[in-house]
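Please read it beside the sequence and the structure shown here.

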Amino acid sequence: MNSSVEIQCTACGQESLLKRVPRYDGFKKTGESLVCASCGHEFAGEPDVPFKEKRGPRVFDDSDRPKSAHVFDAHEADRLCRHCKHYVVNPFCQRCGLRSRLVEATDSCDRFEKRQG
Ligand SMILES: [Zn+2]
């Protein structure tokens with residue numbers, strides 16, 4: 001059965017199901033209306049139906065993003081300013097004692113020297 005095809009409706013923005021409603025001319029079936037089960041929006045034709053499968057790659061992009069948010073590999077994380085012996089924290093800011101400039105704890109630089117202990 002094709003009656004429970006998932007769509008991401010462009011009219012109501014909901015994840016919904018595609019309803020195929022037979023169109024009749026008298027007793028003769030002349031075609032199908034493609035209708036959003038949620039809001040009743042009728043799509044002009046099959047190519048206009050926002051099938052979820054077709055949009056799959058875009059949906060999966062979002063769920064993949066957390067993985068790529070881990071931008072630091074282990075090596076890079078070792079060079080973070082907050083692990084550096086020149087990293088100075090006071091109540092108002094964090095700075096690099098070597099370069100005398102403000103840094104973020106997650107900065108890294110090529111003058112990094114690992115803080116002992
Ligand atoms: Zn809809």
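What percentage of the 117 residues in the protein chain is made up of buried residues? The share of buried residues is 8%, and this value, like every other one in this report, comes from a predicted model.

## Confidence and overall layout

The average pLDDT of the protein chain is 81, and 75% of the residues score at least 70. Confidence is lowest in helix H1, which covers residues 52-68 and has a mean of 54, whereas the highest value, 96, belongs to E4.

Two helices and seven strands make up the secondary structure of the protein chain, and along the sequence they follow the pattern β-β-β-β-α-α-β-β-β. When contacts between residues at least 6 apart in sequence are considered, 41% of them join residues at least 24 apart.

Strands in a sheet are paired by backbone hydrogen bonds, in either a parallel or an antiparallel sense. In this model, four strands in the order E1-E2-E3-E4 form an open sheet with antiparallel pairing. E1 and E4 stand at the edges and have a single partner strand each, so one side of each is left without a neighbour in the sheet.

Strand E1, residues 5-8, is joined to E2 by four bridges in the antiparallel sense; Ile7 has Ser16 of E2 as its bridge partner, and Gln8 stands opposite Glu15 in E2. Strand E2, residues 15-25, and strand E3, residues 28-36, run antiparallel and are joined by eight bridges, with Lys19 standing opposite Val35 in E3. Val35 also stands opposite Glu42 in E4, where E3 and strand E4, residues 42-43, pair over two bridges in the antiparallel sense.

## Hairpins and their turns

Which residue in the turn between E2 and E3 has a positive phi? In this hairpin, with two residues between the strands, that residue is Gly26, whose phi is about 70°. The hairpin of E1 and E2 has six residues between its strands, and Gly13 in the turn has a positive phi of about 75°. E3 and E4 also form a hairpin, with five residues between them, and here Gly40 in the turn takes a positive phi of about 80°.

Apart from neighbours within four places in sequence, Cys12 is in contact with Cys36, Ser38, Cys39 and His41. For one of these residues, Ser38, the C-alpha atom lies 7.7 Å from that of Cys12, although the two are 26 residues apart in sequence.

## The three-stranded sheet

Three strands in the order E5-E6-E7 form an open sheet in which the pairing is antiparallel. Its edge strands are E5, at 87-89, and E7, at 101-102, each of which pairs on one side only. Strand E6, residues 94-96, pairs with E7 over two bridges in the antiparallel sense, and in this pairing Arg95 stands opposite Leu102 in E7.

The loop between E6 and E7 contains Ser100, which has a positive phi of about 50° although it is not a glycine. Is Ser100 buried or exposed? Ser100 is exposed, because 9 other C-beta atoms lie within 10 Å of its own and the limit for exposed is 12 or fewer.

Arg82 lies in the loop between helix H2, at 74-78, and E5.

The C-alpha atoms of Arg82 and Phe112 are separated by 9.9 Å, while the two residues are 30 residues apart along the chain.

Methods:
Residues are numbered from 1 along each chain as its sequence is written. This is a predicted model: local features need pLDDT of at least 70, side-chain atom pairs count only at pLDDT 80 or more; totals for chains, interfaces and linings use all residues. Two strands pair if DSSP finds at least two bridges between them. pLDDT is the predictor's confidence in each residue, from 0 to 100. A residue is buried if 20 or more other C-beta atoms lie within 10 Å of its own, exposed if 12 or fewer, and partly exposed in between; C-beta atoms are placed from the backbone. Two residues are in contact if their C-beta atoms, placed from the backbone, lie within 7 Å.
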